Amino acid sequence: MKKKNGVKEFDYNLIKVLDAVITAGNATRASRQLQVTPAAITLAIQRLQQTYNEELFIRTREGLTPTPRAHQIHRAYSRVLDMIDATFEHDVRIPPWCEMKITGDDVSEQYYFSQLFDMEVFDRLRLHYASVTGKGLAQQISDLKNGNSDLLIATHHFSDPDIEQIIIDQYRNYTAVCHVQNPLCELSQLSLANIFSSRHAVYHPYTITPLLKKDIKNNESFSFFNNHLSVGYNTDSINGLLSIIENSSMVAILPEKIARFFQTQGKYRIALISLPDAIEFETIKVYANWYRSNPQRDQLRDVIAMLQTLINYRK
C-alpha cells in the first residue's frame with residue numbers, strides 16, 4: 001500500500017469483495033453472494049482501486065475483468081482467507097518440519113535473511129544457509145537442480161529455462177566507506193581525485209565500477225580519471241572487507257543501504273561519504289532463484305514474498 005500506516009486505515013471488508021468479484025465473475029453475482037447491492041460492490045471496488053492507486057478491473061461486455069495486478073493481490077488475499085478458514089478446523093494437524101536449503105553470499109544472509117528471524121516462517125520451516133563462495137555459476141545452477149539448494153539469492157541473471165528468477169531488490173545508490181578516523185571523513189563529498197588516488201577494498205560478489213558521466217567523459221581535463229581504481233584488497237566476505245576498512249586507510253564503494261545497515265547494525269567504526277557527482281554506477285539487481293520443478297516451490301514463493309515485503313518496508 002502507498003503508506004506505511006495503510007494497514008491501520010485499510011477496510012478489510014474489501015478483501016471479501018475482491019474475492020467475490022473475481023470468483024463470481026461480475027458485480028451482480030458477487031452482490032448476490034455477499035447479499036449486498038451491486039452499487040455497494042461497485043463502490044467497494046472503487047475504494048480498493050483508490051487504495052492501491054491503480055486500475056484493478058477493466059469493464060468489458062462480459063463484466064469486470066481483473067487486471068494482472070488484481071490477480072496478484074487476490075492470490076495474496078486468498079492465502080489469508082485460507083488461513084482464517086483453517087482456524088475453524090477442529091482437527092488441525094501441525095505439519096511436519098519443512099527443510100529449506102538457501103544459498104547466497106554473506107550479505108544475503110545478514111542483510112536479507114536476518115529479517116526473517118522473528119517471523120512465523122521459523123515456526124514451520126527449518127532453514128539451512130550455505131555460502132556459494134568458490135562456486136561457479138554452473139555449479140550454483142546444478143545445486144538448484146539436484147536439490148542441494150532450494151533458493152539462491154544472487155546478483156547474476158541465469159538464462160537456464162529450468163531456473164525461475166524474480167528481482168527482490170535493486171542497488172541504485174552508492175556511497176564511499178572508510179574508517180571514522182580517516183582524514184577523508186572531514187569531507188562532505190569526495191572528489192574524483194579522492195576516489196582515484198585512494199586504495200580500495202573490493203567486495204567480490206559484486207564488483208562496483210564508477211563510470212564518468214557521459215557529458216564529461218570526453219573532457220580532456222578528466223582523462224586522468226579514466227583509469228581503473230587502485231585495488232589494495234579483494235575479498236568475498238563483507239565482514240572481512242569492513243574489518244580491513246577499520247584497520248587501514250583504504251576505502252570501499254558499497255550500495256548505500258548495505259553500508260548503512262552494517263554501520264548501524266554491525267557497529268563497525270565506519271563512515272559514509274557522498275561520492276562525486278561526476279560519476280555514476282550501473283544498477284545491480286538482486287535475484288531470488290529456484291528450480292522450476294522444486295516440490296517446495298509454494299513455500300519458496302511464500303518466503304520470497306515475505307522478503308520482498310520486508311525489503312520494501314525498509315526503503
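Predicted model: local features only at pLDDT ≥ 70, side-chain atom pairs only at ≥ 80, totals over all residues.
Local features need pLDDT of at least 70, side-chain atom pairs count only at pLDDT 80 or more, and totals for chains, interfaces and linings use all residues. Residues are numbered from 1 along each chain as its sequence is written, and side-chain values use heavy atoms, without hydrogens and water.

Start with the largest nonpolar core, which has 59 residues. Such a core is a set of buried Ala, Val, Leu, Ile, Met, Phe, Trp, Tyr and Cys residues joined through side-chain atoms within 4.5 Å. Buried means under 20% relative accessible area, exposed over 50%, and partly exposed in between (1.4 Å probe, protein chains only). Phe113, Leu151, Tyr171, Leu241 and Leu242 touch the most other members. Helix α13 (residues 297-314) gives the largest share, 7 residues. Helices (H or I, at least four residues) and strands (E, at least two) are DSSP runs, numbered from the N terminus. The core lies between domain 2 (98-169 + 285-313) and domain 3 (174-274), because both give residues to it. These bounds come from an automatic or database domain assignment.

Another core lies apart, with 22 residues, including Phe10 and Tyr77.

Now find His179 in strand β7 (residues 174-179). His179 is buried, at 10% relative accessible area. Its side chain reaches the backbone oxygen of Glu246 at 3.5 Å.

Asn53 sits in the loop between α4 (38-52) and β1 (57-60). Asn53 counts as exposed, at 59% relative accessibility. Its phi is near 55°, a positive value in a residue other than glycine. Most residues other than glycine have a negative phi.

Conventions. Polar contact = N/O pair within 3.5 Å; in protein donor to acceptor, adjacent residues only side chain to side chain.
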